Amino acid sequence: ADSLTTGAALSVVSNSADASARNLVSIHNDNGSAAGAIPLRIQQDASNEALYIDSNGGTSTAIYIDSESSRAVIDIDTPQTSLGAVININDADDLNTGGIISATSNSASTGTRSLLYLLNNNALATGATIVELVQDSTGDALRIDHNADGTAIQVDSDATTANAVDITADSLTTGKIAHLLSNSSDTSTRE
């Protein structure tokens, strides 16, 4: 379809008002041994989106993934991004009680793991900050609610001349740099 200007190579349209469950397009690789088969592959050589989804259903999910894989569900392999963010969520301005990211695990496994793991793996990247939180309102910038008998915050620093923890609070008037409070009625000796 090399003569296209405003047309499309493939257009599938349905205007049915029937509410029964159905797929307008279904691609099914039905043989578990066909390990080299990719049901849908999109290659975009122009400087534009490779996949564009415009979901107008007010309470529906734009992308739903049902995966039985034991590996990564979404894998972004060696992105060439240099200026922007590899994952960018922009202008979530309609939020009221919702959030931008919600991740939950209810696994009973005792295996060592991190639910969120970020690694800056190059010692020369001295300008890289692992996590930056900016709060323009009076709400908490970081809140930790630790409900088990463990360490809520653990800092393991190999710094030799730098500060392991550095707090700057130059705008204080009647507030405090740190406020530590315990209201425990336990009579045992502790520090």
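**Close-up 1. Asp140 and its salt-bridge partner Arg143 in the predicted model.** Asp140 has a relative accessibility of 48% and counts as partly exposed. The side chains of Arg143 and Asp140 meet at an N to O distance of 2.8 Å.

**Close-up 2. The salt bridge between Asp18 and Arg22.** In this view, the side chains of Asp18 and Arg22 are joined with an N to O separation of 3.7 Å. Asp18 is partly exposed, its relative accessible area being 45%. Arg22 is likewise assigned to the partly exposed class, with a relative accessibility of 40%.

**Close-up 3. The salt bridge between Arg190 and Asp186.** The closest N and O atoms of Arg190 and Asp186 lie 3.9 Å apart. This pair is counted as a salt bridge because the criterion requires a nitrogen of Lys or Arg within 4 Å of a carboxyl oxygen of Asp or Glu. Arg190 has a relative accessible area of 45% and is partly exposed. For Asp186 the corresponding value is 44%, and this residue is also partly exposed.

**Close-up 4. Overview of the salt bridges in the predicted model.** The count of salt bridges comes to 3. One of them links Asp18 with Arg22, another links Arg143 with Asp140, and another links Arg190 with Asp186.

Definitions and conventions:
Residues are numbered from 1 along each chain as its sequence is written. This is a predicted model: local features need pLDDT of at least 70, side-chain atom pairs count only at pLDDT 80 or more; totals for chains, interfaces and linings use all residues. Side-chain values use heavy atoms; hydrogens and water are left out. Buried means under 20% relative accessible area, exposed over 50%, partly exposed in between (1.4 Å probe, protein chains only).
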